[in-house]
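Welcome! Please take a moment to look over the sequence and the 3D structure below before reading on.

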Amino acid sequence: MVAIFLETLPFFLLIGVGYGAAATGFFSEAAAAALTRFVFYFALSAMLLRFSANLHFGEVFDPRFMGVYLAATGAVYALVTAVAMWRRLSVAEAAVEAQCAAIGNTGFLGLPMLAVLMGEAAVGFIMMILAVDLLVFGSLIVILITGSRAGLTPRVVRSVGLGLVSNPMLVAIFLGFSISALALPIPGPVNEFLALLGDAATPGALFAIGASLAGKSAERISVASWLSFGKLVLHPGAVALAALVIWPLEPYAAAVMIASAALPTAGNIYMLAAHYGVAPQRVSATILLSTAASIVTVSLVLAWLAQRSAFP
């Protein structure tokens, strides 16, 4: 456990540096937003494109793997939604809370950290998880919020479609999948360019996470604690049950899926909540609390997986 904690510590320390820089005013809110845009549109997209294009297509597209993750994540999503409806929340609020408990910070934290800790072979599996998160649950939250207000109109469907095709990470994943499936060669200079740009993803993403957390509120702790429990305990637990017992996967693939599910709540949920005016303070508190708690919980999950010899 201590060894794993020490391996994960540098990643969380970099988040802490970003938090300190923003909290002290040395790194302004505008600077944090600009860094986030650079990582999102350029560095992470370059990393995803390079990895997906250079892997064999069978290694980056496994319908069974994606189906197991979808089923387990969908179960947690449904449970948290049911609890929210029992508390007499609106459909929009229930959708936001379910998103907080089921969707982790896979792009900004999981991809750079797990690629280092679990090896580059993890990237293909992480990309499949990202594809499910963005395509299925990223669409679902928009449909539920807007549909509960104005109905499922063609305008809503068009808005969801435009959101998907304009997401640079999703575009990078599917462009890489296409290059891999067609076995198209990647010119050396292009590959080196993508590697150079993609290398900025790890420090940039972690620093950006910390800087964004400095502006988060710690209100609604009771609800945030429940949602953080859902994300850090229920989600990886459901994934472990699905990937190890119900529909057993190859040990390494299952380990990557479980480790990815153990990640804290994704930061982009706050942007959606703020945009639609649905419980942004609740989401903010959940992101802050789950990220702080994940320093311990992610280490525990990785230590457990290491004991099972699930990854090198």
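What follows is a short tour of salt bridges and aromatic pairs.

This is a predicted model, in which local features need pLDDT of at least 70 and side-chain atom pairs count only at pLDDT 80 or more, while totals for chains, interfaces and linings use all residues. Residues are numbered from 1 along each chain as its sequence is written, and side-chain values use heavy atoms, with hydrogens and water left out.

**Salt bridges**

- Side chains of opposite charge can pair when their charged atoms come close.
- The count here is three salt bridges, a salt bridge being a side-chain nitrogen of Lys or Arg within 4 Å of a carboxyl oxygen of Asp or Glu.
- Glu 97 and Arg 87 form a salt bridge, with their closest N and O atoms 2.7 Å apart. This pair links distant parts of the chain: Glu 97 lies in helix α5 (residues 91-102) and Arg 87 in the loop between α4 (63-86) and α5, ten residues apart. Helices here are DSSP runs (H or I, at least four residues), numbered from the N terminus.
- Glu 93 meets Arg 282 in a salt bridge at 2.8 Å, N to O.
- Put together, Arg 87, Glu 93, Glu 97 and Arg 282 are linked in a network of salt bridges.

- Glu 97 is buried, at a relative accessible area of 1%; buried means under 20%, exposed over 50% and partly exposed in between (1.4 Å probe, protein chains only).
- Arg 282 is buried as well, at 7%.
- Arg 87, at 28%, is partly exposed, and Glu 93 is partly exposed at 21%.

**Aromatic pairs**

- The whole structure holds five aromatic pairs. Rings of Phe, Tyr and Trp (its six-membered ring) pair if their centres lie within 6.5 Å; planes under 30 degrees apart count as stacked, over 60 as edge-to-face and the rest as tilted.
- Phe 27 and Phe 207 have ring centres 5.0 Å apart and planes at 75°, so this pair is edge-to-face. Phe 27 sits in the loop between α1 (2-23) and α2 (29-54), and Phe 207 in helix α11 (residues 201-213), 180 residues apart.
- Phe 207 counts as buried, at 16% relative accessibility.
- Phe 65, Phe 125 and Tyr 252 form one aromatic cluster.

How values were computed:
Helix = DSSP H or I, 4+ residues; strand = E, 2+ residues; numbered from the N terminus.
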